[in-house]
Amino acid sequence: MAANNIRHALFCAIVTLIISFPILGLSLEAKGVNITLSGAKTSTYVAIVLAAVAVFVFQIFRDTFMGALGKLPNLNPLAGREPMEQNKRVKLESWLLTGIVVFALFWPFLVSRGSVDLATLVLIYIMLALGLNVVVGLAGLLDLGYVAFYAVGAYTFALLSQYTGISFWMALPIGALLAGLTGMILGFPVLRLRGDYLAIVTLGFGEIIRILLNNWTTLTGGPNGIGGIPEPTLFGMEFGRRVKEEGNTSFHETFGIAYSGEHKVIFLYLIALVLAVITALIIRRFMRMPVGRAWEALREDEIAARSLGLSRTAVKLSAFTIGAFFAGFAGTVFASKQGFISPESFVFLESAIILAIVVLGGMGSQLGVILAAIAVTILPELAREFSEYRMLIFGAAMVLMMVWRPQGLLPVRRVQITLNKQG
Amino acid sequence: MLEVQNLSMRFGGLLAVDGVSLDVQEREIVSIIGPNGAGKTTVFNCLSGFYKPTGGKVIFEGKEIQGIPDYKISRLGMVRTFQHVRLFTQMTVVENLLVAQHRHLNTNMIAGLLGTPNYKEREQKALDRAAYWLERVGLLDLANRDAGNLAYGQQRRLEIARCMVTEPKLLMLDEPAAGLNPAETKELNQLIVSLKEDYNVSVVLIEHDMSLVMDISDRINVINQGKPLASGTPEEIRHNDDVIKAYLGEA
Ligand SMILES: Nc1ncnc2c1ncn2[C@@H]1O[C@H](COP(=O)(O)OP(=O)(O)O)[C@@H](O)[C@H]1O
Ligand SMILES: [Mg+2]
């Protein structure tokens, strides 16, 4: 046992050395046309060795450490408490949600422009995560290329506005529908795949779309992206200082107030809020409908689902399509918010972040996903000094979650149904 | 109503089912028995569309159905259970029954989102049907439990209820008594007889243990190493020399 432990710890420490030495300790430098290999500062080597020692010590005491971690829930003051009564809990939850939404409506008028901008981004991530939750959390299909549908939504708006001068409100349904259609088309080839294989193929699809956007320069502008994407209007009123489109009026002139850049930011935030609430409500409804139950049945046991007459094709495609639809929604809002998009906004890391939100929140649980979206988007902003280590902290948080709370922040609670006694 | 002619299924070099024939009339309980590995489950998998048989015909209500995809077969009114219970374990008991009734529900997404009267009416009917069958198998009080948390015997009964809410014409049960205690087995046998007599369902029953099926079967088919060994009424099977030699003798 002990000998085994030491051998394992030694192995881990050596792996740490092998991995970190070339990455941190060696650097390639371009001097004119030549590339030279140079070492790093002594302090870096000391740090690498210290890290290896730390890994070694941790691995030796791993069992003790993990055991202690496993006991952590006991420290949770809510752990031992009686579960709340069913209808009481439902009432409390709906009050809480209404409260949050009302608060969110008034909040932007109280804070700085930067905060509102960030909050809009959070809402976009909430939409994305709720959509991906359908595919991964409910239908159990591990999709690593979800960002592709986000890109389709954003680029649909960008291109249509560039070539036809379409408005945000027209682009919103078109972007979502087109993204949904892409979801369905990409769903066909992966119908038979599951688990890891599905993950890898969807990962590939995500990259294909991004590379396509990057290289189809004549249409998409390639890495230069597309700019000048219009902001949403409110019944034909624009939020800019000057009216860009003929026939529109401007918001501040109509209401006879001074122009302020904040109006636009707040308006976008409110649109994102309304769309996020709509997304949450629709998906919540889906979860209580035959289609939502079919998704979950397929996740739970595909063979049993088929034996009861569920068509795998229809169920999977509907999950892909609806998930992609909401990504398209989010993409359109994103394009409008940024005013400029390029393939760089749709890299694999985005897919990973959205997936992390779903997993952190508790697969299938809406409230959990919303909380996780807030946490994952806002925390890195608060800790800007650590931005270099963002991914590291992210990874560590994921590992800790898997050990401590594999079911996510707020695991799903099943809907309770009252039955009338028959006969 | 169901006729199986000369069914065979080959896995590579192994002929798991070889020339099995059987027929099932309305309101009849027909059993398939045979030792472990005889090919009983494979026959079910061919009938229910999970495998495409390599030979023979399956005729259900006058229509050839061999090779039709599994989900379509269950829509024709032929549903099955599994040798190892297959429930949607993280869904509640009643949700399991609702999944099974998707054909009775209004699955139009727009209607569902809007909650149209037709949608609500059908949803309510499905809930009532679920309640009825839960009560019938004694699980009504557990309706909102996760299916995976039920006791083993309860899971077995839920699986049968889940088939019955689809209102099948033919029910195929794969070793439903496996793992049950004698009292539960007796209850199960009563339930199966009642399905036939009160609900006009035909039943094809796989059993490993022959004595269990003697009481309730109308006819019995014995297969051994994929080949049909004998068929007839329980009385005939009991006195069939081949069966005694191959099957009872070993026990
Ligand atoms: N999918 C399969 N691939 C290969 N061999 C199989 C497959 N399914 C069943 N078999 C083989 O067919 C034979 C019959 O199995 P089965 O129908 O499960 O028997 P029973 O249900 O009567 O115990 C066994 O030898 C089994 O190994
Ligand atoms: Mg079997």
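Modeller: B:C46 is buried, at a relative accessible area of 2% (buried is under 20%, exposed over 50%, partly exposed in between, with a 1.4 Å probe and protein chains only). This is a predicted model, where local features need pLDDT of at least 70, side-chain atom pairs count only at pLDDT 80 or more, and totals for chains, interfaces and linings use all residues. Residues are numbered from 1 along each chain as its sequence is written, chains are lettered from A and ligands numbered from 1 in the order in which they are written, and side-chain values use heavy atoms, without hydrogens and water.

Next, the pairing of cysteines. Over all chains there are zero disulfides, a disulfide being a pair of cysteine sulfur atoms within 2.5 Å. For B:C46, the nearest cysteine sulfur belongs to B:C163, 18 Å away. B:C163 is likewise in no disulfide, and its nearest cysteine sulfur is that of B:C46. B:C163 is also buried, with 2% relative accessibility.

Now the metal. B:T41 (OG1) and B:Q83 (OE1) coordinate the magnesium ion (ligand 2) at 2.0 to 2.2 Å. Donors are N, O and S atoms within 2.8 Å of the metal (3.2 Å for Na, K and Ca), and water is not among the atoms, so sites may look incomplete. B:T41 sits in helix α1 (residues 40–47) of chain B, while B:Q83 is in the loop between β6 (78–80) and α3 (93–100), so the pair ties together parts 42 residues apart in sequence. Helices (H or I, at least four residues) and strands (E, at least two) are DSSP runs, numbered from the N terminus. B:T41 is partly exposed at 24% relative accessible area, and B:Q83 is partly exposed at 25%.
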